[in-house]
Amino acid sequence: MFDKLETLDDLFEMQLKDLYSAESQLIEALPLMAEKAKDGRLRAGFTKHLHETEQQLQRLETIGEALELDLDGHTCKAMKGLIAEGQETMSERATEEVMDAALIAAAQRIEHYEISGYGTAAHYAQRLGHTEVAELLCQTLNEEQLTDTKLNDLAKNYLNQKAV
């Protein structure tokens with residue numbers, strides 16, 4: 001992707017491209033996760049997060065336009081691996097309750113990756129003086145953290161107990 005990373009600007013661009021690819025891949029994966037989920041709250045959560053993810057991708061496109069960057073053309077290998085791992089889990093024979101618990105575990109791995117990526121990118125944006133871009137990235141970061149919290153609460157307070 002880059003011949004050489006020489007500046008924080010270069011690294012920031014790389015991070016944005018990675019996030020753009022990750023969100024694009026997730027838009028394809030979330031409907032499959034929602035379809036596999038048996039618990040209505042989990043299915044609704046995946047569907048809601050799909051709509052959020054579409055908005056997050058649009059936000060990244062806005063950032064790309066503002067910074068005059070083409071964010072397309074890169075593949076986030078980490079997200080590709082996380083999704084492949086989730087798909088492997090979804091192909092397992094499991095009770096509905098265990099499958100729902102497994103879907104939450106896979107989704108939380110994805111959320112943690114995104115939280116890390118958006119936190120880093122927001123810090124870089126701030127450091128580079130891109131205040132409005134940093135605000136957009138922080139908005140997405142907050143959404144990802146809230147999604148992780150909701151998944152965690154659903155798992156700990158309900159679904160994991162059903163899977164026992």
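Student: A helix here is a DSSP run of H or I with at least four residues, a strand is a run of E with at least two, and both are numbered from the N terminus. Which helix does Q145 lie in?

Tutor: Q145 lies in helix α5. Before you go on, this is a predicted model, where local features need pLDDT of at least 70, side-chain atom pairs count only at pLDDT 80 or more, and totals for chains, interfaces and linings use all residues. Residues are numbered from 1 along each chain as its sequence is written, and side-chain values use heavy atoms, with hydrogens and water left out.

Student: OK. Is Q145 buried, exposed or partly exposed?

Tutor: Q145 counts as partly exposed, because its relative accessibility is 35%. Buried means under 20% relative accessible area and exposed means over 50%, with partly exposed in between (1.4 Å probe, protein chains only).

Student: And how far apart are the C-alpha atoms of Q145 and E54?

Tutor: They are separated by 16 Å, and along the chain Q145 and E54 are 91 residues apart.

Student: Switching to L11. Where does that one lie?

Tutor: L11 lies in helix α1. With a relative accessible area of 23%, L11 is partly exposed.

Student: What does L11 touch, if I skip residues up to four places away in sequence?

Tutor: L11 touches L5 and Y124 on that count. Contact means heavy atoms within 4.5 Å.

Student: What about A121? How far is it from L11 in space?

Tutor: From C-alpha to C-alpha, L11 and A121 are 9.1 Å apart, while 110 residues separate them in sequence.

Student: Now α2. How many residues does it have, and how far does it reach?

Tutor: Helix α2 has 28 residues and reaches 40 Å from its first C-alpha to its last. That is close to the 40 Å expected at 1.5 Å a residue, where the expected span is 1.5 Å times one less than the number of residues.

Student: Which residues of α2 are buried?

Tutor: The buried residues of α2 run from L42 and F46 through H49, L50, E52, T53, Q56, L57, R59, L60 and I63 to G64.

Student: Which residue caps the N-terminal end of α2?

Tutor: D39 does that, with a side-chain oxygen 3.0 Å from the backbone nitrogen of R41. A polar contact here is a pair of N or O atoms within 3.5 Å, one able to donate a hydrogen and the other to accept it; neighbours in sequence count only through side-chain atoms on both sides.

Student: And what comes just after α2?

Tutor: Just after α2 comes E68, with a positive phi of about 55°. E68 takes that value although it is not a glycine.

Student: Why bring up glycine?

Tutor: Most residues other than glycine have a negative phi.

Student: Where is the place of E68, then?

Tutor: E68 sits in the loop between α2 and α3.

Student: Why does E68 count as exposed?

Tutor: E68 counts as exposed because its relative accessibility is 75%.
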